[in-house]
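Dear colleague,

I am passing on the structure below, and I would be glad if you could look through it alongside the notes that follow.

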Amino acid sequence: MAPVPVTVLTGFLGSGKTTLLNRLLAAPDMAETAVIINEFGAIALDHLLVEQAIENTITLQSGCVCCTIRGDLVDTLLSLHERSARGEIPRIARVVVETTGLAEPGAIIQTLTEDRVLTPLFRLHGVVTTLDAVNGAAQLARYAEAVKQIAAASLVLLTKTDLAGEGEVAALKEDVARLNPTALIEAAVSGDIAPDRVFDGPAWEPGDHDPQWLPATPFGNARPVAVAPSHRGRMRYRDTPTVEAVCLTLDDPVSPEALSLWLFSLVSLRAADLLRLKGLVNLAGHGQPVAVHGVQHLIHPLRELADWPDDDRRTRLVVIGRDLPAAGLRESLMAAVHAHPAREAA
Ligand SMILES: Nc1nc2c(ncn2[C@@H]2O[C@H](COP(=O)(O)OP(=O)(O)OP(=O)(O)O)[C@@H](O)[C@H]2O)c(=O)[nH]1
């Protein structure tokens, strides 16, 4: 049997990986897809935010897939293969591995291309990197992970181009072409792209004569791939142990005013250090949970989900930031909750 193609879906925090996955998985011919989601932070939320009822969704929670759980990735894939061969789960036509937003995809690629047990069964097809058109340039300038994610891509999907100016998008495309002249660049607003363009798109390890692999800009213009000159000497995440995920929970429903106040104060005071905010909120007066997403200064409109993913009705928020102490975040949230308590249900 031919090895099952694996697509690695990577991209910096908040760049739209889960949104893309949700859209793609809704397509009827995606039914035979197994999804492996790796999360950063003690509260796993991503698999709750992937709304499709996909039988083969697996969450790897033991850490960032790129460094600590290479073994887990191999074990998970092998177990998928065995269970599928035994008929316990349906046939698997493709696998998507969604990395954390801070992952360096190199180790995953190495595992998928070099592990002797794995490679007869699974084959790396593509590395798809989402890049936020609003925050992408700043992230590339500041975070080596963001640069490495672009450098590893066979396909770069520009997200949030609906929120960015034309000039901004054009400049970002140039940055991408400079970092990775071989990657195909496409726009995908809120995951709006045909699945075959993502999964049958440019292969990560193409044949020598695959025209898609040829550089979009001449190699003569290319700068070193791993770290572009403008990023050299900048702070690297790996050298700063202060980026961490803080998890906040609230047992009782929170009023919309309290949530707005907290989000507003967080963004006005600490946007530069707020790498990512996401959560499921039990908003007073709403039967359904509300998903909240933020990336630096950009807080996306709240989105009501169809239903709670499980019996847990608590508000769960994950804040990934630099020097954002857990105690301060908790205090500010509680202050907002006390300033605008939720009204008792009549
Ligand atoms: N306007 C707009 N919003 C988008 C687009 N793509 C994603 N978003 C929003 O951006 C926010 C973050 O998207 P996610 O899909 O959760 O991002 P992610 O890459 O999975 O985030 P992490 O799990 O933190 O790495 C959500 O509020 C999305 O609705 C887009 O193209 N346009």
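Two elements, α1 (17-25) and β9 (274-281), each supply at least two residues of the shell around the ligand, where helices (H or I, at least four residues) and strands (E, at least two) are DSSP runs numbered from the N terminus. The model is a predicted one, in which local features need pLDDT of at least 70 and side-chain atom pairs count only at pLDDT 80 or more, while totals for chains, interfaces and linings use all residues. Residues are numbered from 1 along each chain as its sequence is written.

The largest contribution to the shell comes from α1, with 3 residues. Of the 21 residues around the ligand, Gly-16, Thr-19, Gly-101, His-293 and His-300 come nearest (near means that the C-beta atom, placed from the backbone, lies within 6 Å of the molecule). Because domain 1 (4-231) and domain 2 (241-339) both give residues to this shell, the ligand lies between them; the domain bounds come from an automatic or database assignment.

As for α1 itself, 7 of its 9 residues are buried, that is, with 20 or more other C-beta atoms, placed from the backbone, within 10 Å of their own. Thr-19 is among these buried residues, as are Lys-17 and Leu-20.

Elsewhere, helix α9 (residues 256-270) and helix α10 (residues 326-339) pack at about 140° with their axes 8 Å apart, the axes being lines fitted to C-alpha atoms over the stretch in contact and the angles running from 0 to 180 degrees between N-to-C directions.

With kind regards

Methods:
A residue is buried if 20 or more other C-beta atoms lie within 10 Å of its own, exposed if 12 or fewer, and partly exposed in between; C-beta atoms are placed from the backbone.
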